[in-house]
Amino acid sequence: MWPPKTCLEFGAGAALPSLALLNGGAHRVVFTDRYVNEQTFDALKLSIEKNALAWGINEEEIRRRTAVAGHTWGEEIENLVNVVSAAETDDDADRSENENAKHVECLIASDCIYNPTYHAALLQSASALIEPCTGIFIVGYSLHGNVPTCDVERFFFVAEKEYGLKVIHELAVEYSEGQMGIGSVDKKRGNVYLKILACRESPHCN
């Protein structure tokens, strides 16, 4: 179902994917990033407010449809589950007794897997939060050149083997040399890759 009822972005940063989902009609969007300081989250909240108001979303709707939370991947996942389950949607009465209230229909990780050190932690959080039947996990990435490509893409092997998250769709977009970055000679550096994962036992994988 699109737009999804609940969305959550890992490592949001400027949170462009989450903002796009909010503008696209997602019922509830949770913006998360590792806590650094209050100023970082104040800036994110201001960005959400300014963009939402420009799209005709009023302040009450912003409060109801968005949440900002600090989250270090793989740690204190139950706290993030509580943020998700506290979502104030129009069907709260039904959701209060529904286990699905603790899960997310659309997870996003944009440019989050370039460092393999954090793959397992990200997958721990994602696998705990994804809605088992209908949920999808959208992973967008580029190749930073800091480690071999195989080490970056091992994320998807581990996702399926150890966490039951299988790639169901993938896309690669090749950009011109101007997208490679200063000093880069790797033509693939400017490419953007996107893979969508779902729980192995879900209808998405049948």
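The lining of the largest pocket divides into 5 nonpolar, 4 polar and 3 charged residues (Ala, Val, Leu, Ile, Met, Phe, Trp, Tyr, Cys and Pro count as nonpolar, Asp, Glu, Lys and Arg as charged, the others, Gly among them, as polar). The model is predicted: local features need pLDDT of at least 70 and side-chain atom pairs pLDDT 80 or more, while totals for chains, interfaces and linings use all residues. Numbering runs from 1 along each chain as its sequence is written, and side-chain values use heavy atoms, without hydrogens and water.

The largest pocket holds about 300 Å³ of space.

Helix H6 (residues 119-129) packs on helix H7 (residues 149-163) at about 40°, with the axes 10 Å apart. The crossing of H6 and H7 is right-handed. H6 contributes His 119, Ala 120, Leu 122, Leu 123, Gln 124 and Ser 127 to the contact (heavy atoms within 4.5 Å). H7 contributes Asp 151, Val 152, Phe 155, Val 158, Ala 159 and Tyr 163. This contact has 8 nonpolar, 3 polar and 1 charged residues.

Helix H4 (residues 77-85) crosses H6 at roughly 40°, the axes coming within 10 Å. H4 is therefore oblique to H6. The crossing is right-handed. Ile 77, Leu 80, Val 81 and Val 84 of H4 meet Gln 124, Ser 125, Ala 128 and Leu 129 of H6. Here 6 residues are nonpolar, 2 polar and none charged.

Definitions and conventions:
Axes are lines fitted to C-alpha atoms, for helices over the stretch in contact, and angles run from 0 to 180 degrees between N-to-C directions. Helices (H or I, at least four residues) and strands (E, at least two) are DSSP runs, numbered from the N terminus. A crossing is left-handed if the near helix is turned anticlockwise from the far one by less than a right angle, and right-handed if clockwise. On a 1 Å grid over the protein atoms alone, a cavity is a set of points where a 1.4 Å probe fits but cannot get out, and a pocket is an open set with protein on both sides within 12 Å along at least five of seven lines; lining residues have an atom within 4 Å of a point. Grid points are joined across faces, edges and corners, and a volume is the space filled by probe spheres set on the points. Angles under 35 degrees count as roughly parallel, over 145 as roughly antiparallel, 65 to 115 as roughly perpendicular and the rest as oblique.
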